[in-house]
Each structure stands twice: as structure tokens, then as C-alpha cells.
Amino acid sequence: MRSIFRDFLLSFCPAKVRKTWRPSSQLTVLRAATWGGAAQFLLIALVLIVQFKHFFILRLQQAAPHMDGVNSTGEAVVTVLFAIEFLFHPLSFFLLYVALEGSVRFIGGLVSSEVIPSLLVFLLFKLSASTSRSISRQRMGSPVADAVERLSDARIRIASAAVKAGWNSSVTIGINGRWFEVEREEYAQPPRPYVYVLRPAPPEKILRGYQEYPDAALETVAMKTPDAGLT
């Protein structure tokens, strides 16, 4: 019984979550998403109908003194206006979304045998993951700035705490209006284990890819010239 309830809860979760917490049965999850979606739609639709009935009666009683002599067309217009007013109420709008989401989950499971998660649960996990990353960054402290050195022959050595995505011999790197290419990669001790030695790109080089090295990275660490032993 506990595993069935657990699979039912997992049917609302994104696929990534279901890969981390494996359900006891994929078929149970699919059935829970399908028929749970149908129940979600019917239940919320019933709540909306009951709420609209009470709202409509109340608004009709309030408007009754002003509706003497109004014909059927006028009554229809008033009914439509009441319905629009009801649907644009925040709670009614939310319940309408939940009902529509249930119908989508039901149709997705019935037609394509696909477990469609709840968007609200998906956003909750996204918010939780974003909060966890933010806390981790705060615990790790401020990011380590790049160390930039000028070498001989106008080359530049950049030591970074993280891998420079896409930096290879094919990409052209722009620094202060000049073009460079990766001559070689090296590895050093933390906190800057990823080292890139750049050389000026030849004028005839074909531009296959381009990345601009941010000026802020150059401003945070003063450019320094190494000792002669480094050249």
C-alpha cells in the first residue's frame, strides 16, 4: 500500500525526480498519472461549478434591483459578465488551471502512455534546486577570479578555477580587441587548476568559432609579466 501511494506521488513529479527516486512500478505511475489526472479534472471542475453557482446567485441578488425590464439579451450579457468576473478571480483562475492540468495529464496518459508531471510540482523542484545551488555558492564563498599573465611573443597565460567551455584550437578568443587561439592546455594546483596558454591568432586563420574574454575578468586581476624563467 505504501509503494502504491509513493508511486502516486511520483506521478506528479518530473522524470528527473523519478530517475533519482525509482518507483516500484512504472505501470502504476502511468495509471496514477492517467486516472489521477481524470479525478483531478472532475473534482476541481465540480468545485468550480458549485462556487460559480453560489457566486452567480449572490451577484444576481445584488443586481436584481437594477435589472427590471431587462430583456433576454441583456440577461445573457449580464450572465457572461458575471462568468468573466468569476473566472478572473485569483482563486477561480488557479482552480481552472488545476482542472485543465488534470485533463492534460489524463489525455497524455491515455493517448500517448506518457506520464505528464504537474507544472506546480515541477516549479517547486526547480525552486528547491535553485535555492540549493545558491546556498552551495554562498558556502563556497566568492568565485575565484582568473589569473592572467603575459608571456613572451605576445602570448597570454590564463589560469582559471573552472573549465573554459569551448576553448580549443579551433575557437578564436578576443581579448582587448586582439584575437588569440589556444596554444596548449596545462594543469596546475587549485584553486586555479585549468590553465590555458594563448598565442596571437594568425591573420589568415578561418573564423570557425569566437568567444570574447570578458573585460571584467581582466580588470579583477592585474595583468602581470612573469619572471624570465617562465618564458
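Because the model is predicted, local features need pLDDT of at least 70 and side-chain atom pairs count only at pLDDT 80 or more, while totals for chains, interfaces and linings use all residues.

**Whole chain.** Colour by secondary structure: the protein chain has seven helices and six strands, where helices (H or I, at least four residues) and strands (E, at least two) are DSSP runs numbered from the N terminus. Read from the N terminus, the elements run α-α-α-α-α-α-β-β-β-β-β-β-α. Of the 231 residues, 31% are buried, that is, under 20% relative accessible area with a 1.4 Å probe and protein chains only.

**The sheet.** Select the six strands next, which form an open sheet in the order S1-S2-S5-S4-S3-S6 with mixed pairing; two strands pair if DSSP finds at least two bridges between them. At the edges lie strand S1 (147–150) and strand S6 (209–212), each pairing on one side only. Now zoom to strand S4 (residues 178–187) and strand S5 (residues 194–200), which pair in the antiparallel sense over seven bridges, and find Glu185 opposite Tyr196 in S5.

**The cores.** Select Val148, Ile156, Ile158, Trp167, Val171, Ile173, Ile175, Phe180, Val182, Tyr196, Leu198 and Tyr213, the 12 residues of the largest nonpolar core; such a core is a set of buried Ala, Val, Leu, Ile, Met, Phe, Trp, Tyr and Cys residues joined through side-chain atoms within 4.5 Å. Two or more residues each come from strand S2 (156–160), strand S3 (171–175), S4 and S5, and S3 gives the most, with three. Centre on Val182 and, leaving aside its neighbours within four places in sequence, look for its contacts (heavy atoms within 4.5 Å) with Trp167, Asn168, Ser169, Ile173, Val197 and Leu198. A second, separate core of nine residues includes Leu48, Ala63, Phe86 and Val98.

**Helix H4.** Finally, select residues 72–87, the 16 residues of H4, which should span 22 Å at 1.5 Å a residue, in agreement with end C-alpha atoms 23 Å apart; the expected span is 1.5 Å times one less than the number of residues. Within H4, Gly74, Phe82 and Phe86 are buried, and they lie on the same side of H4 because they cover an arc of only 115° around the axis, taken from the directions from the helix axis to the C-beta atoms. To see what covers these buried residues, show among others helix H3 (26–63) and helix H5 (90–112).

Definitions and conventions
Residues are numbered from 1 along each chain as its sequence is written. Side-chain values use heavy atoms; hydrogens and water are left out. Buried means under 20% relative accessible area, exposed over 50%, partly exposed in between (1.4 Å probe, protein chains only).
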